[in-house]
Structure formats: structure tokens, C-alpha cells
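Please look at the structure below before reading on. The notes after it are grouped by topic.

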Amino acid sequence: MANRVLIITGNSDDAATLEDVLDRAQDGPFLIEWVTSLAQALQRLESHRKEPIDAIMVDLDLPDSQGLATFDQLFVLASSIPILTLSTLEDDQQTWDAIQRGAQGCLSKGHFNSYLVPQSLRNIIQRKAVEEALFVEKARASLTLNSISDAVISTDLQGNVDYLNSAAEHMTGWQLDEAHGLPIDSVMHLVNDKSREAVANPIVKVLQHDESKLLAAGTILIRRDGSESAIEDSAAPIHDSAGRLKGAVMVFHDMTAAHAMTEKMAHLAQHDALTNLPNRALLNDRINQAIALAERRSSHLAVLFLDLDNFKHINDSLGHGVGDQLLQAVALRLSDCVRSSDTVSRLGGDEFVVLLSESHSADDAARTAEKILSILAMSHTIGQQQLHITSSIGISTYPNDATDAEGLIKNADTAMYLAKEEGRNNYQFFRQEMNVHAVERQLIEAHLRTAMENSEFILHYQPKIDLHSGRITSAEALIRWQHPAWGMILPARFIPVAEACGLIVPLGRWVLLQACAQAKRWENCGYALDSVAVNISALEFRRKDFVDSVESALRVTGLKPNNLQLEITESVLMRDAQASATILQQLKTLGVQLAVDDFGTGYSSLSYLNQFPIDVLKIDRSFVQDIHNSNGIIVSAVIAMGNSLKQRVIAEGIEETAQLEFLRSHHCSEGQGFLFSHPVSAEQFANLLRSGISSPINTLYQTTGTLG
Ligand SMILES: Nc1nc2c(ncn2[C@@H]2O[C@@H]3COP(=O)(O)O[C@H]4[C@@H](O)[C@H](n5cnc6c(=O)[nH]c(N)nc65)O[C@@H]4COP(=O)(O)O[C@H]3[C@H]2O)c(=O)[nH]1
């Protein structure tokens, strides 16, 4: 491609010679433009962008400008174009000055006809092009280095800093011009994060061994202002084109945020997000560590499995927000109950596990469990509400109950279930036979699921007797499970399982329907029964559709509401007395009779009892059977209370004539128990209705004469 050359000279001979030599040049082709004055030259350069000039040849002595002033003015517009001055030998100083100011060289007048002229011109054009490319390359490198987030710092062969990019300036606190020439160690002060001892700069090692080096892990860079950041990366040698070592460069970046993020991720992986307590994974680690320690010291440890009683009810009725806050409050209280060497963890839901890693004896664990029970039972203020909650705890110990984390947790869980069955708000130590119990539960649950479809349940009925007339007043329906292989199973074995897995709801509906239908059949046969009584479990009682299901059973069977008695245990009623009062009121509106079962065992608040629309109080069997030892103090007090509240009192579990005599003499109106009859099938019950009760009661009536 032709190179465009601008010749600026007032001397037409010089111009002609130059044009001639360039025209003939083999290094060409050249396109020549000739102007005679500086003004014309400047004018031409204005349009340089449109038609670029590749080189300028200028005589500094022009008609309108002389000497270096000519060069200076020209250079303002043509700094990127290589310029050769045309001079005489006498102009030596001026030529030198022009080169100092940016000229690429000079051509001596009198030698313009030489083949060296086009050659020199070609050389300076090429050199300028290379310089330009280098400049662009350097600008690009500089821009890139200053816009990356990695810090880059380089040194010469002696390890003195010769470059820092912006990120390195920011991270070290040193500007390039301040750091330039300083030893790398004074600009980058490195220490180990743990030992705080100085760490050798990898640049020094690179210069010693002429090979790349990684920065030691855990290196901290101390900035000029004393602040610190964790850094990571490597250093490498810089070689010249001949492969000689010229210096070293180090690239590094701030790991502080990444380290913090890693730590946060590790924390999240091992902790429960809601309570910030260790989760199951971390708990397992801690238990395994504690076991290893206990093994070396031949000591003990204990695992407490804790479950909140009726937490689901709080969650369902007050919302998950309140439930979450309650769990957080429980987490805090639990943490306050134990030593710092112990671990409180949340497994999920309302299940917590406490590891007592320095439990010296079972008594230690029992004391902690008692402390936890009483501290959690204290009221919790959540927002505007005062919440009351109890908990059930199962305890397993190492090495007695299990020798690994999984076994200890599992056995404590099993013991916790027993604590629930024992009436909640208590703790139980694991015993090996509980495992048998747990396996049995699972088996029962599996069989329960098909028992309904296979019609394996039947109802037995136990008569309630008017203790003054001996008449059968009503029947209590009691469920039995006739398992094809296991035989007759009593409710104590399967009702708690059905309650725990929710099967009690369909089962309870079936009982209600069957009992109402049977009562209606007896009514149709002309048997005068006041009512049939049905036991209602906590889960059924709290269901929103419970009142509807009672109403539907009455409608379907045609039994009058007043002929149905619902027995609800005292502890179920008292668990949330206010809510219970509402449900009882709805049932009362329906017209059914309401009885408090197991009365005396559930710590009733008498003020509530007074508000409940209760018809019947059933004195728990344990009090009746204790009449002999306690002179019947509780029984007589309950009878007196029932009479004053205008509630009928029924005594459960009458087995002995002496008990019957006591009850009658204290004006207890009704009773049931083996003394009169065990629970019997519907047919046998019909026989009883026909023939009446043949039991010591009749003898009693005969000997005492009058009734009531
Ligand atoms: N030692 C002794 N026991 C006597 C005597 N008289 C009656 N019993 C027993 O005492 C229990 C009375 O029922 P409960 O207290 O409501 O206690 C019931 C009740 O809580 C529950 N249950 C029974 N049927 C149902 C049902 O259909 N639904 C629900 N939710 N629970 C039921 O199972 C519990 C146990 O029922 P059963 O095994 O049938 O046991 C019955 C009955 O057989 C006596 O003189 N001495």
C-alpha cells in the first residue's frame, strides 16, 4: 500500500529532488504532497483524519515560520506522524533539539538524491506503526489490569516494587508512585492468621527459585493502615524475550468475604435456622465426641429427648408465627438450663434433644429433666399472649442404653413416648423393655389400618346402676378389637396408638354411630335406658367438625340427643379450658349429656368446672378403690361437690360390697363396676336389661330393706 508523504519546504529544488527519489524508490510506492509554507501544512493536517499522512518531511526554515517554532507548531497537530527534518550540516544543534522534541530523524540537504532517503522514510513509518501498536497494547493492558478485582503487584529482579494495579493499591493502601522502588515486604506485610508470625512473600521465593509459588493458606495481608484481609493466590516469574529472569508478579484477591460466606454456610449446614441451635448432624458429632471422651475417662453421659405437649394445637389455633416464637423461647430456656459444655439441639418440629456430656449419674440427668419441665411449664409471653405449655422427656444414658449417637437418640425418643403415655409433663428413663413396647406399637399401628375395613372392632357395654334402686340406668360403650390372630384386644393397648397416629378419628366416629344405633335398637325393643355413654378422645374433641359428627350420628340413627352421653376426661377438658367451654356449650345446645371422665385426676380448676355445662362427674376408679385406705375422703368430697353443683355423680370401678355401701351411705347416685357387671356384648347387655342385675346389690337391698 502506498504511503502518503507530506513534504513541507519553500525550496522547489529540494522538493523536486525528493519527489524524484521517492518516485523511483523500490521501497515505495509513495504518494507525495508538497506544500511550501507552515500555514498550508497546518491546513492540510486539519484533514489528516480523512486522508491520513504517513510521514512528514519538513524544512524548519519556511517563508512563514523559522527554526524550532516551525517544528513545535507542526508537532501540535502531527504528534502521531513520524517527522523528518530537512537540514544543512550547520543546523546540527537545531536538528538535535527537534529530535528531543519528538522528531524521528533528519535528512541532510545535498544528500536528498540518495537511495537512503526512501529507506529511512520507510523505516520511520514502520517504527511509528510498531510504537503505535505497542502503545495501544500497553493502554489495553493497563486498562484491563486496573479494572479487574484481583490485585496485581510486580517487582524488579531485586524484589523492589515497580507496578501495582488499582486493586493492589486499594488492598495494600500504597499508591504506585509511593510504593515504586520499595522492597515488596514493606508494601505487603503478610502474617499467618493463626500464629500471627510473618509469612515470607512468595515474590521473594519466586525470585530465588525462578518458579511460580502459591501463597500459603491462611495468609493475612496487613494494610498500610493496619486493617487486615485474608488473601489467596500465587506469584510467578517475569522473563524477557531471551528467557532471562527480570522480576516477579503476584496476583492475589481478598478472601475475607468468601471466608465469611464459607463460615456462614458451614454454620447453616449444622444449625437449625429457626432457633440457631445445633441440628441433628452437629448433635451426632457432639454425641460421638462425648462418647469418645466418656470412653477414655470411663464416665457417663445422658441424652434427653424432649417433645412439647400439644404444640400442634398451639400452632393450629394461634398460627405458625406464634408457634415459631414459642419454639425460639423454648430454645432459650433450654439453653439456660444446661452447662456450656452440654448441647441443646432442635431436631425439627417441637422436638429437642439435650446432650448432657458430663452427666455423672442418672440422678444428674433426672435433676436436669425436672428443671427443664418446671422451667418450660412457666408461662411464655408471646406478643400479647401468655402461653402455657408442658413437655415430655425421655432419657437414655451411655453406656447403659446404647453406645452410639443413633442408639442413644432412638432410645431417648422411645422413653419420651412412654412419658407422653404416662400423662405428659413428666420424664422417663429408657428401659430395654420399652423397645419391645415400641415395636409392638408399630405392629399395632400397621394392623389398626386394616382392622376397620375388616370389621374387627366390636362394642361391649357396661351397665351403670342406680345405687339406690339397683336399676340399670345406662350403658357405657367400650370398644374391643377382635384380631383374627391375636384374639380380643382391650382398648388400653390400641387406643393410645390410634390417638398418636390419628386413626382415632375414624374409629371414634364408628363407635359413636354404632353406640347410637344400638341404643336406638334397645329403645325400639322397649328397654328403658336413660342413655348410652361414649368415650371421646382429645383428638376427636378438638376437631372443628366434632359437633357436626355428633349431630350427624344422632340424625342418622334417630336417637334423641338426650339419650347420648359423651364422656370426656378431665385432663382433656382442662388442657385448654376456654376452648373446651366453647365446645361443651355447642354440644349442650345440641341436647346431649356431658360427663367428666376420670374426675379427680386432672387437677381441675373449680372455677372452670362451675362454668362447664356438665351433667355428670365420674369419680375415677382409683379413688373408689382407695376408699378402704383413705376413709373415702376424696370420694365423699366429690359427691358433696357434685351434689352442690347439681351434677350427678357416678362412681367407677366398684368391685366390693364395702365400696358400694360407702357410696350409698354418702348419697352417690350411680355407679358401675365389676361388682355389678363386666362390660358385655350387646346381646348379653339385652339379657341384663331383661333380667336385671344379679349381684350383691340385690342382697344388699334385701338386707337393708328400703331403697335410697
Ligand atoms: N379394674 C376395674 N376396671 C373396671 C371396673 N369397671 C369397669 N372397668 C374398666 O374401666 C374402664 C372404664 O372406661 P374408661 O375409664 O372410660 O377407660 C376407657 C376409655 O378411656 C378407653 N376407651 C374404651 N373404649 C373407647 C372408645 O370407644 N373410644 C375412646 N376414645 N376411648 C375408649 O379405654 C379405657 C379402658 O377401657 P376398658 O379396658 O374397656 O376398661 C373400662 C372398664 O372395663 C372395675 O370394677 N374394676
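What follows is a briefing on a predicted model.

**Ala179**

- Ala179 lies in helix 7, which covers residues 176-179.
- Ala179 has 24 C-beta neighbours inside 10 Å, so Ala179 counts as buried; the cut-off for buried is 20 or more.
- Leaving aside residues up to four places away in sequence, Ala179 touches Val161, Leu164, Trp174 and Val187.

**The shell around the ligand**

- The ligand is surrounded by 23 residues, and the closest are Leu478, Pro491, Asn535, Gly673 and Phe674.
- By type, the shell is made up of 11 nonpolar, seven polar and five charged residues.
- At least two residues of the shell come from each of strand 21 (472-483), helix 17 (491-501), helix 18 (504-524) and strand 23 (531-536).
- Helix 17 supplies the most, with three residues.

**Helix 18 and helix 20**

- Two packed helices are described by the angle between their axes and the distance between the axes.
- Here the axes of helix 18 and helix 20 (residues 546-557) come within 9 Å and cross at roughly 35 degrees.
- The crossing of helix 18 with helix 20 is right-handed.
- On the helix 18 side, the contact uses Arg509, Leu512, Leu513, Cys516, Ala517 and Lys520; on the helix 20 side, it uses Ser549, Val550, Ala553, Leu554, Val556 and Thr557.
- Eight residues of this contact are nonpolar, two are polar and two are charged.

Terms used. Residues are numbered from 1 along each chain as its sequence is written. This is a predicted model: local features need pLDDT of at least 70, side-chain atom pairs count only at pLDDT 80 or more; totals for chains, interfaces and linings use all residues. Helices (H or I, at least four residues) and strands (E, at least two) are DSSP runs, numbered from the N terminus. A residue is buried if 20 or more other C-beta atoms lie within 10 Å of its own, exposed if 12 or fewer, and partly exposed in between; C-beta atoms are placed from the backbone. Two residues are in contact if their C-beta atoms, placed from the backbone, lie within 7 Å. A residue is near a molecule or strand if its C-beta atom, placed from the backbone, lies within 6 Å of it. Ala, Val, Leu, Ile, Met, Phe, Trp, Tyr, Cys and Pro count as nonpolar, Asp, Glu, Lys and Arg as charged, and the others, Gly among them, as polar. Axes are lines fitted to C-alpha atoms, for helices over the stretch in contact, and angles run from 0 to 180 degrees between N-to-C directions. A crossing is left-handed if the near helix is turned anticlockwise from the far one by less than a right angle, and right-handed if clockwise.
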